[in-house]
Amino acid sequence: ELTSISTSGSNPIIEIEFDKNGKAIHCELLQSSGSRLLDEPIIDCLYKWSASGSQLANLPEGKTLKYRIRLLLNK
């Protein structure tokens, strides 16, 4: 499904949490884009993300890493 992006919304802020294997296990919308038609596909897409790197490699079992991002939809 294709969702068009209008320039009238705002750039959402999202928190994404990864487990030790780099799998996205929780995604939360902290600030909406202003459109539910955009917010829902964004969250769905983030669950497909994966992460890697030394922070995850050194993460104790059972712990997670959280990242907060602002997704730039507008200029």
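Partly exposed residues are those with a relative accessible area between the buried limit of under 20% and the exposed limit of over 50%. The views below are taken from a predicted model.

**View 1. Salt bridge between glutamate 40 and arginine 36 in helix H1.** The closest N and O atoms of glutamate 40 and arginine 36 are 2.6 Å apart. Both residues belong to helix H1, which covers residues 36-46. They are four residues apart, or about one turn of the helix. Glutamate 40 has a relative accessible area of 41% and is therefore partly exposed. Arginine 36, at 64% relative accessibility, counts as exposed.

**View 2. Salt bridge between arginine 68 and glutamate 15.** The side chains meet with an N to O distance of 3.2 Å. Arginine 68 is exposed, its relative accessible area being 59%. Glutamate 15 has a relative accessible area of 15%, so this residue is buried. The structure holds two salt bridges.

View 3. Strand S2 spans residues 24-31 and runs antiparallel to S1. Six bridges join the two strands.

**View 4. Turn of the hairpin formed by S1 and S2.** Five residues lie between the two strands. Glycine 22, in the turn, has a positive phi of about 85°.

How values were computed:
Residues are numbered from 1 along each chain as its sequence is written. This is a predicted model: local features need pLDDT of at least 70, side-chain atom pairs count only at pLDDT 80 or more; totals for chains, interfaces and linings use all residues. Side-chain values use heavy atoms; hydrogens and water are left out. A salt bridge is a side-chain nitrogen of Lys or Arg within 4 Å of a carboxyl oxygen of Asp or Glu. Buried means under 20% relative accessible area, exposed over 50%, partly exposed in between (1.4 Å probe, protein chains only). Two strands pair if DSSP finds at least two bridges between them.
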